[in-house]
Amino acid sequence: MNSNDKLIVVAGGGGNLGRLLVNAVLADPTARVRVLARDPSKAEVKALAGDRVELVAFDAVTGSDPDRAAAVRGAYAVVSTLQGGPEVIVDAQLALLKAAKAAGARRFIPSDYSYNIFTLPPGINVNSDWRRTLAERAEAEVTETFEVVHVMQGIFADPYVLGFLGVLDLEKGLVRYWGDGKTPIDWTTWEDTARFTAAAALDDRPVPTLLFVAGDRQDVLSFAKIWGDATGRALKLERLGSLAELQAEAHRRLAAEPGNMYAWLPLMYARGVFGGQALLGPLENARYPDIQPLTVAQAAAKVRN
Ligand SMILES: NC(=O)c1ccc[n+]([C@@H]2O[C@H](COP(=O)([O-])OP(=O)(O)OC[C@H]3O[C@@H](n4cnc5c(N)ncnc54)[C@H](OP(=O)(O)O)[C@@H]3O)[C@@H](O)[C@H]2O)c1
């Protein structure tokens with residue numbers, strides 16, 4: 001791949017995925033990065049500073065049109081790893097996308113990094129609904145020279161994410177699941193997602209609108225066995241209920257505590273994961289042969305080391 005000193009703008013570059021993405025872009029020695037962060041003096045943002053990295057203070061919600069234009073000036077691609085509610089995921093990302101287009105960028109990659117949000121029915125996961133709303137509005141901005149690319153890679157094969165979802169409880173040596181446990185699930189590591197996203201951002205070729213990539217596909221029963229074998233500690237399984245019970249519980253918690261997303265959002269994701277409606281489409285891994293994404297077994301072995 002010839003990057004010809006491309007500038008990749010990363011909105012949310014100080015976040016978990018954002019930091020990995022910045023490093024993945026910089027692995028190309030001719031690429032440069034502009035990190036947009038609300039507070040570039042934060043330790044995790046400052047740690048990204050370097051010869052080929054520019055740190056810029058930018059608030060995606062309160063920033064003005066001139067702020068946005070300056071933030072994306074000269075970009076080959078603008079990638080978002082922003083996290084937040086609809087004011088960020090829909091409104092702020094759309095404004096940034098339009099600024100990227102006006103600045104002549106080749107493509108915008110919104111903050112999706114999910115299972116297939118386009119086949120998941122509406123009303124199951126509010127986070128996916130916001131991302132689909134953004135995608136619908138973004139479609140109107142696509143031209144022959146300006147792409148919008150949705151990176152989708154399934155669930156991050158990572159104890160923190162699986163803990164958030166309520167699936168993996170390492171303290172108790174437990175894997176919890178809903179449904180029959182036999183629904184396939186797509187898995188990719190954070191690092192591999194960052195690598196594929198960087199490759200898509202820097203790509204000289206047209207990139208598909210839906211960029212499906214993944215390291216593995218395993219149902220949760222197989223996942224538990226593979227993870228246990230690779231880490232040397234057998235995991236017990238606990239079935240929490242049916243998919244209908246999962247959905248009802250998510251809605252019950254949402255009604256009871258609408259302001260506390262930690263009460264219901266994990267269940268909404270779990271419904272997406274275990275429901276089997278959000279499987280990735282045909283994988284595009286082969287576009288980027290330098291990236292050999294980890295399988296669940298390899299990801300688990302890495303956690304053990
Ligand atoms: N598939 C999966 O299993 C999975 C798991 C986890 C995450 N994800 C996805 O990955 C993406 C990134 O998640 P993450 O965990 O890396 O998020 P994160 O660590 O919370 O990072 C999000 C970044 O967005 C920034 N941000 C939020 N609002 C902003 C604003 N108004 N202006 C400027 N910056 C703003 C935050 O900056 P501050 O530091 O200033 O707050 C932070 O750096 C999301 O789309 C998320 O849904 C997927």
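Here Ala, Val, Leu, Ile, Met, Phe, Trp, Tyr, Cys and Pro count as nonpolar, Asp, Glu, Lys and Arg as charged, and the others, Gly among them, as polar. Keep that in mind for the first view, and note that the model shown is predicted.

**View 1. The shell around the ligand.** By that grouping, the shell holds 11 nonpolar, 10 polar and 3 charged residues. Of these 24 residues around the ligand, Gly12, Gly15, Asn16, Leu17 and Ala60 come nearest. Three elements each supply at least two shell residues: helix H1 (16-26), helix H4 (86-102) and strand S8 (155-156). H1 gives the most, with 3 residues.

**View 2. Strand S11 and its side chains.** Let's move to strand S11, which spans residues 185-188. In a regular strand the side chains alternate between the two faces of the sheet. Here Ile185 and Trp187 point one way, while Asp186 and Thr188 point the other way. All of these residues are buried.

**View 3. The partners of S11.** S11 pairs with S8 in the parallel sense, over 2 bridges. Look for Phe156, which stands opposite Thr188 in S11. With strand S13 (residues 216-218), S11 pairs in the antiparallel sense over 3 bridges. In that pairing, Trp187 stands opposite Asp216 in S13.

**View 4. Helices H9 and H10 packed together.** Two packed helices are described by the angle between their axes and the distance between the axes. For helix H9 (residues 243-256) and helix H10 (residues 261-275), the angle is about 160° and the axes are 8 Å apart. Angles over 145 degrees count as roughly antiparallel, and H9 and H10 are therefore roughly antiparallel to each other. H9 passes H10 in a left-handed crossing.

Methods
Residues numbered from 1 in each chain as written. Predicted model: local features only at pLDDT ≥ 70, side-chain atom pairs only at ≥ 80, totals over all residues. Near = placed C-beta within 6 Å. Helix = DSSP H or I, 4+ residues; strand = E, 2+ residues; numbered from the N terminus. Buried ≥ 20, exposed ≤ 12 C-beta atoms within 10 Å, placed from the backbone. Pairing = 2+ DSSP bridges. Axes fitted to C-alpha atoms, helices over the stretch in contact; angles between N-to-C directions. Parallel < 35°, antiparallel > 145°, perpendicular 65-115°, else oblique. Left-handed = near helix turned anticlockwise from the far one by under 90°.
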